[in-house]
Amino acid sequence: MTLTLLHAPKSRSQSFIWLLEEIGQPYEIKQVDIRRGDGSGKLDPTNPHPHGKVPVIIHDDTVVHEQTAIMLYLTDAFPQAKLGPQVGDKLRGNYLSWLSYYSGVVEPAFLCAFMKYDVPRGTAGWVAVPEVMQHINKTLETNEYILGNEFTAVDILYGGTFGFFGDSGLFEKTDALNAYVKRCMSRPALQRAGQKDA
Ligand SMILES: N[C@@H](CCC(=O)N[C@@H](CS)C(=O)NCC(=O)O)C(=O)O
């Protein structure tokens with residue numbers, strides 16, 4: 001079995017080192033160049049992503065790109081890691097919803113806030129950050145983690161985003177959110193990932 005993460009430092013692929021450390025199977029990291037917001041970097045011809053982005057994983061002959069697809073693929077491929085409810089589990093639907101909500105709602109909402117764009121109500125497929133955070137805070141009032149009281153792969157997306165961008169000023173840090181971020185950020189796998197990315 002071969003498992004390779006195409007990675008660029010200081011990018012979304014950092015969280016996938018964390019995920020791979022949580023999974024605990026052997027993997028390799030291959031650094032690729034990407035186009036950066038400041039104009040540096042360039043498309044890397046060895047990256048199979050259609051737009052030269054990261055993360056990408058290559059598992060034997062299978063190439064997967066897009067964060068939430070990679071997350072679902074890996075947690076299904078390595079169910080023994082117990083990081084994502086499998087087909088037949090009563091939490092599976094919730095898991096898929098939170099994965100898609102991240103790419104379809106959370107990322108566009110935060111990008112709009114960052115770029116100071118208004119979200120056109122009823123037209124866009126997402127809502128503004130305060131509505132997103134209301135949903136997340138309500139979830140965290142009763143749950144220690146997004147899906148319940150167990151850590152799953154979606155907590156790498158949500159806990160990671162709120163932990164890494166906590167000082168962005170884009171969202172309010174409630175007590176429930178701070179406690180959640182602290183739980184996620186104290187994962188030993190995240191510490192190991194940081195060392196691998198150093
Ligand atoms: N929709 C992609 C977004 C990936 C993405 O935008 N990655 C950034 C790094 S954080 C990138 O590779 N940028 C290079 C570029 O846009 O050419 C996903 O969910 O995986």
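Predicted model: local features only at pLDDT ≥ 70, side-chain atom pairs only at ≥ 80, totals over all residues.
1. Start with Glu 144. At 38% relative accessibility, Glu 144 is partly exposed. Glu 144 sits in the loop between H4 and H5. Beyond its neighbours within four places in sequence, Glu 144 is in contact with Asn 149, Tyr 180 and Arg 183. Gln 14 is 130 residues from Glu 144 along the chain, and 23 Å separate their C-alpha atoms.

2. Next, Thr 139. This residue belongs to helix H4, residues 129–142. Is Thr 139 buried or exposed? Thr 139 is buried, because its relative accessible area of 13% falls under the 20% cut-off. Setting aside neighbours within four places in sequence, Thr 139 is in contact with Trp 98 and Ile 146.

3. UniProt, in an unreviewed entry, places "domain: GST N-terminal" at residues 1–82. That span is 26% helix and 21% strand. Its end C-alpha atoms are 19 Å apart. UniProt also places "domain: GST C-terminal", again from an unreviewed entry, at residues 88–198. Residues 88–198 are 62% helix and 0% strand. The end C-alpha atoms of this span lie 39 Å apart.

4. Helix H1. This helix covers residues 14–23 and is mostly covered, with 9 of its 10 residues buried. Which residues of H1 are buried? They are Ser 15, Phe 16, Ile 17, Trp 18, Leu 19, Leu 20, Glu 21, Glu 22 and Ile 23. The cover includes strands E1 (3–7) and E2 (28–31). It also includes helices H2 (67–77), H5 (154–164), H6 (175–185) and H7 (188–196). Just after H1, Gly 24 takes a positive phi of about 80°.

5. The ligand's surroundings. Ser 11, Arg 12, Ile 34, Arg 35 and His 51 are among the residues that surround the ligand. Lys 53, Val 54, Pro 55, Glu 66 and Gln 67 are also among them.

6. How far is a polar side-chain atom of Arg 12 from an oxygen atom of the ligand? The distance is 3.2 Å. For Arg 35, an N or O atom of the side chain is 3.1 Å from an oxygen atom of the ligand. Glu 66 faces a nitrogen atom of the ligand instead, with a polar side-chain atom 2.6 Å away. On its own, the ligand has 510 Å² of accessible area, and the protein covers 82% of it.

7. A cis bond. Most peptide bonds are trans. The bond from Val 54 to Pro 55 is cis, with omega near 5°. Pro 55 is in the loop between E2 and strand E3 (56–59).

8. Most residues other than glycine have a negative phi. Lys 10 is not a glycine, yet its phi is positive, about 55°. Lys 10 lies in the loop between E1 and H1. Lys 10 is exposed, because its relative accessible area of 72% is over the 50% cut-off. Asp 60 is not a glycine either, and its phi is about 50°, also positive. Asp 60 is found in the loop between E3 and strand E4 (62–65). With a relative accessible area of 39%, Asp 60 is partly exposed.

9. Thr 68 in helix H2. Where is Thr 68 placed? Thr 68 is in helix H2. Thr 68 is buried, with a relative accessible area of 14%. Not counting residues up to four places away in sequence, Thr 68 touches Leu 99, Tyr 102, Ser 103 and Leu 157. Leu 99, Tyr 102, Ser 103 and Leu 157 fall within residues 88–198, the span UniProt labels "domain: GST C-terminal".

10. Cysteines. How many disulfides does the structure hold? The count is 0. Cys 112 is buried, with a relative accessible area of 8%. Cys 184 is buried too, at 0% relative accessibility.

Terms used:
Residues numbered from 1 in each chain as written. Heavy atoms only, no water. UniProt positions renumbered as here; feature names shortened; annotations may be inferred. Helix = DSSP H or I, 4+ residues; strand = E, 2+ residues; numbered from the N terminus. Buried < 20%, exposed > 50% of the residue type's maximum accessible area, 1.4 Å probe, protein only. Contact = heavy atoms within 4.5 Å. Near = heavy atom within 4 Å. Polar contact = N/O pair within 3.5 Å; in protein donor to acceptor, adjacent residues only side chain to side chain. Areas by Shrake-Rupley, 256 points an atom, 1.4 Å probe, with all protein chains shown as cover. Disulfide = S-S within 2.5 Å.
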